[in-house]
Amino acid sequence: DTGLMWFRRDLRAHDNAALYQALKSCRQVHCVFVFDRAILDPLPRRDRRVEFIRESLVELDATLRALSPQGQGGLIVLHEDAATAIPALAARLGAQAVFANRDDEKPALARDGEVARALSADGRTLHGFKDHVVFERDELLTQGGKPYTVFTPYKKSWLAKVDAFYLRAYPVETYAAALAPRPMPGGVPSLAELGFGTTNLSQLELPAGTAGGRKLFADFEARMARYDEARDFPAVRGPSYLGVHLRFGTLSIRELAAAGHARAQRGDAGASTWLSELIWRDFYMQVLANFPHVADETGWGGNFRPEYDRIAWEQGPQADALFQAWCEGRTGYPLVDAAMAQLLATGYMHNRLRMVVASFLSKDLGLDWRLGERFFALHLNDYELASNNGGWQWASSSGCDAQPYFRIFNPVSQSLKFDPEGRFILRYLPQLAGLKGDALHAPWTARPLDLAAAGVELGKDYPRPIVMHDEARDRTLARYAVVKKPA
Ligand code: FAD
C-alpha cells in the first residue's frame, strides 16, 4: 500500500519518527511539504524563517532523492492551503495513510483535525507521531497523576525516566527502499515564486538544513563544557544558536539530548546545564499541551494564572508610543535597546536579554506581555509558541513556575552584571563608545561634561530614558497588587 509523509517542522531525512513509521509500514511512500498559505499569507514579505525553510527543503529534497531507489524519489512541494491540499494529494496518489509528526500548537491542532476528518471521510487515515520533544503531553505526570507546573520536579522526573530507548534514533535508512519515485515534476519554488523577498539570512552565521545544524552543533560541542559559565553574557559566544534548527527539525531533539545527556553523565557541568535547557523546552511544550488556555485559538497568550487577568495594563496613545519605542530599541536603556537591535538585525536575541526586555516591557513600561509575545513571534528565527509563551509568562509573572511579581529586574544592574564592559552594547550602539563605566549603562546619569567629551547629546544621538526605573517599579507593584488573593 501507499503512504504519504507530510513534513512540517521536522525537515530532516534522518531520525524522523513519522518518516520511519511510514517507510516501515508502507510498500511505497511519497513525501510532501506544503508552504501553507494559511501561515504564509499574513506574514510580511521578508521573513528569514521562510528563507531558512526554503533552503532546508532544497537539502531535504536532495537527501530524499539520494536515499531513494535509483535516485528517483524526492519531495513534492506545494504552495496551497495545507488543510485542503493534503487530502487532495492523498487521493490523487492513492495513499491510504498520511504520516506526520505531532504539533501541539492550537492552529496546527485545528488544521490537523480538519485534515484527519477530510481523510477519514474518504476512507483514509492521518497518523501522528511524537518527534518534536523527548517527552510529550501526559508522558510525565506527578505522583498525583497531574501535569507538572514546577520545573525542578519535572526535570527530576524527566531525568529519571530518560534512557536509551527514548533517545534512540529512528533508523530511517533501513527502509529507504520504500521511498517512491516522485510522481510529478518537483523542485522547491524560489522565494520570489512564494511571493517573498530575500533577507540578510546569508550574512548571518546561521546555515540552514541538517548540514547547517550539524556545523553549528560541532562548533558548540567544542564549547559545551563552558556553557554554564558563558551562557549569561551576551557579548560571549556561549549558547548553541540551535533554536531555529530545533524549531524546524533540521536536527533531531533526540540526537542533541543524547549528546548532552551522555556528557552530563560523565560529569560535564556545561553539558548538564545545557541539557536542562532542552528539558525546559520539553517542559513548556507539555504546559502548552496540558494547559491549552495559555494560548487562544490563534495561538496568542492567555495568563496561566487566572488572577493575572485582573491586571490593568497601560493603554492609549502614550502606551502605544512606549511600545513603539520598545520595538524600535529607543527606550534610553542601552542594554534593552542593543537587545532589540540584535533582534531586528539578526532574528536572534540572547536568552538573558530576552528576559531583560520582557521584564522591561511588562514591569517598566506596564504593557501587556502579549504585545511583546506577538512582536517576538514575528521576529524570532527560533520562534516556538510554547517556549515564547512560557518565557513571556515567566518574565511577566503570570506563568507557572514564573518569576514572582515583586521580583523586578533592574535594567541597569542587569547591564552592569552581564555586560560589564559594554561590549555587547557597543556592538549595536557604537555612538555610545565614548562613555565610560556606569555612564555607558545609564547615559542619563553621566555628567554633562562627560557626555560632551563622548560626543553624545541625549535626545539627539541617543534617547533619554522613556521611564525612570524606580518610579516604574512602584507603579508595577501597585498594578500587580490585584493578583494577591483577598485576605
Ligand atoms: P541554548 O542556550 O543553546 O539552548 C539550547 C536549546 O534549549 C534552545 O535552542 C532551546 O530549544 C532550548 N531552550 C533554552 N532555553 C530555553 C527556555 N528558557 N525555554 C525553553 N526552551 C529553551 N526559545 C525558543 O526556542 N523559542 C522562542 O520563541 C523563545 N522565546 C523566548 C521568549 C522569552 C521572553 C524568553 C525569556 C525566552 C524565550 N526562549 C525561546 C528561550 C531561550 O531564550 C531560547 O531558547 C534561547 O535563547 C535560544 O538560543 P540558543 O539556541 O542559542 O539556546
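User: Before we get going, what does it take for two strands to pair here?

Analyst: This is a predicted model, by the way. The call rests on DSSP bridges: two strands pair once DSSP finds enough of them between the two, and the cut-off is at least two bridges.

User: How many bridges join strand 1 to strand 2?

Analyst: Strand 2 spans residues 28-36 and runs parallel to strand 1. The number of bridges joining strand 1 to strand 2 is six.

User: Is strand 1 mostly covered or mostly open, and how many of its residues are buried?

Analyst: A residue is buried if 20 or more other C-beta atoms lie within 10 Å of its own. By that cut-off strand 1 is mostly covered, and of its six residues the buried ones number five.

User: Over to the ligand. Which helix gives the largest share of the shell around it?

Analyst: Helix 11 (243-248), helix 13 (269-290), helix 16 (351-364) and helix 18 (385-396) each supply at least two shell residues. The largest share is six residues, and it comes from helix 18.

User: How many of the shell residues are nonpolar?

Analyst: There are 27 residues around the ligand, with Pro239, Ser240, Gly243, Asn388 and Gly391 coming nearest. Seven in the shell are polar and six are charged. The nonpolar ones number 14.

How values were computed: Residues numbered from 1 in each chain as written. Predicted model: local features only at pLDDT ≥ 70, side-chain atom pairs only at ≥ 80, totals over all residues. Near = placed C-beta within 6 Å. Helix = DSSP H or I, 4+ residues; strand = E, 2+ residues; numbered from the N terminus. Nonpolar A, V, L, I, M, F, W, Y, C, P; charged D, E, K, R; others polar. Buried ≥ 20, exposed ≤ 12 C-beta atoms within 10 Å, placed from the backbone.
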